[in-house]
Amino acid sequence: MTSTETASSQHPDEVPPEAPDGGMQRGLKNRHLQLIAIGGSIGTGLFLGSGKLISVSGPAIIFVYLVIGFFVFFIMRALGELLLSNLHYKTFGDIAKDMLGPWAGFFVSWNYWFSWVIACVADIVAITAYVQWFNPNVPAWVPALITAAVLTLLNLQPVKFFGETEFWFAIIKIVAILGLIVVGIILMATQFQSPDGTTASITNLWTHGGMFPMGISGFVLGFQMGIFSFIGVELVGTAAAETQNPRKTLPKAINSIVIRILIFYIGALAVIMAVTPWDEIAPDKSPFVATLATAGFGLAAVVIQLVVLTSAASSANSGLYSGTRMLFGLAKDGHAPSKFAMTDSRGVPKRSVFFTCVFLFAAIPLLFAGDGVIAAFTFVSSMCATLILFTWGSIVVSYIVYRKRYPERHASSGFKMPFSRIAPWLVLAFFVFIAGTLLYGDDTRPSILAAPVWFAILAVLWQLRKRRLIRDGRPLTGAIPTVPHPLDAE
């Protein structure tokens, strides 16, 4: 171990006051967490994937997002109550291992790490598509390689730098979407006509085949990639471990989910389809850019294209941050090599960063293996959606166990999950429905069929890791303290 690195698994009494979480620092402030919460739910799935979703579902995509957002809110409320019930929880893996057992912590943590690796690859694929919009002659591997390298450098910075970067990335996304909504409203109010004679009007939502032009089939298929658009909302849970005053900031971030969904998803897509009828939106392009280009705002379209490019970079940056922190937690528990539990003098788990970043370069061969950027994006995003169902499912199942095992914690919680008796079961039923939609679609079926292979690999790795821990006389998992957390006194 070098002089600039500390083993994060050291005894709690040896952890310096400024790094109460085993080497990592609580360097994120309230404004960081609030914007990470917003930025985490506005990413590639909305900016790029919504074009394909609109082509599949038409205006029904509005209802798809409403339904998904409804259930995501309950998932996050469950996560919020769990995290605040014991501030020693740092990740979903901590919650799963405490409520469900060591094997669950292993499965959830490695699965979440892998899902974010895949999500980052999807973002890099999207960035390639955005760059090629400016210059189709740019080789696909160039932006993919540059992006992977830049992401590596960004995640080698202290968490405060990450929070500041994501703060401004989120500001850019928010301003861009709100600007698009305002422009769309103005176009509708002035009855703007596009070059092909289409008049911007709210009636375009139902005069081109109705709100459900593809029938119930199109509505159901919309859930396949629609779920991918919401991946990242749980970043709040990961960031909470490095946030000051989580008892104050976390509830605010989670409760704002409803308004974010209504504005950034429902509002933005409704305006887009009102300005440009859904059947005129190309599935392989960003509808945000296409809408402004159709309206004749060439410069604005270029600006939006730059915004969606930075949005994809922001999403990948957040995902890489979350994945490295999960790997850090795995190493602390002995579920990954101990070298990944080391942080440098600034509290950065740099070895976890390097290991995770290696997999980002998988985006390069993927771009040449399929039928184009959108095909590659569809595959990786559907695979990520399949894996995130397991992560979200672990949160809900852990909540069910927590409510039965610790009724006193639930009773004293200041941030209870609404309808906590029935909501978790409804969420789990919804997950079964989502899995069915993934099996139903031809382009998403391979991803869910491949998932059992991944979990079989995890099962084998868990048995190997468990035997090694037992042989070395080590506990199967790191203990979660039940004593009050120092921040509880705040």
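**Figure 1. The salt bridge between Lys-97 and Asp-94 in the predicted model**. The closest N and O atoms of Lys-97 and Asp-94 lie 3.2 Å apart. Both residues belong to helix H5, which spans residues 92-99. Lys-97 and Asp-94 are three residues apart, about one turn of the helix. Lys-97 has a relative accessibility of 8% and therefore counts as buried, the cut-off being under 20%. Asp-94, at 10% relative accessibility, counts as buried too.

**Figure 2. The salt bridge between Asp-333 and Lys-97**. In this pair the closest N and O atoms are 2.4 Å apart.

**Figure 3. The network of Asp-94, Lys-97 and Asp-333**. Salt bridges with shared partners join these three residues into one network. Lys-97 pairs with Asp-94 and also with Asp-333. The structure holds two salt bridges.

**Figure 4. The crossing of helices H8 and H12**. Helix H8 covers residues 159-189, and helix H12 covers residues 257-275. Their axes come within 9 Å and cross at roughly 35°. The crossing is left-handed.

**Figure 5. Residues at the contact of H8 with H12**. On the H8 side, the contact is made by Ile-174, Ile-177, Leu-178, Leu-180, Ile-181, Gly-184, Leu-187 and Met-188. These meet Ile-263, Phe-264, Gly-267, Ala-268, Val-271, Ile-272, Ala-274 and Val-275 in H12. By class, the contact has 14 nonpolar residues, two polar residues and no charged residues.

Figure 6. Of its 490 residues, 58% are buried. Among contacts between residues at least 6 apart in sequence, 83% join residues at least 24 apart. The accessible surface comes to about 18,800 Å², and carbon and sulfur atoms account for 68% of that area.

Methods: Residues are numbered from 1 along each chain as its sequence is written. This is a predicted model: local features need pLDDT of at least 70, side-chain atom pairs count only at pLDDT 80 or more; totals for chains, interfaces and linings use all residues. Side-chain values use heavy atoms; hydrogens and water are left out. Axes are lines fitted to C-alpha atoms, for helices over the stretch in contact, and angles run from 0 to 180 degrees between N-to-C directions. Helices (H or I, at least four residues) and strands (E, at least two) are DSSP runs, numbered from the N terminus. A crossing is left-handed if the near helix is turned anticlockwise from the far one by less than a right angle, and right-handed if clockwise. Contact means heavy atoms within 4.5 Å. Ala, Val, Leu, Ile, Met, Phe, Trp, Tyr, Cys and Pro count as nonpolar, Asp, Glu, Lys and Arg as charged, and the others, Gly among them, as polar. A salt bridge is a side-chain nitrogen of Lys or Arg within 4 Å of a carboxyl oxygen of Asp or Glu. Buried means under 20% relative accessible area, exposed over 50%, partly exposed in between (1.4 Å probe, protein chains only). Accessible areas come from the Shrake-Rupley method with a 1.4 Å probe; for residues, only the protein chains shown count as cover.
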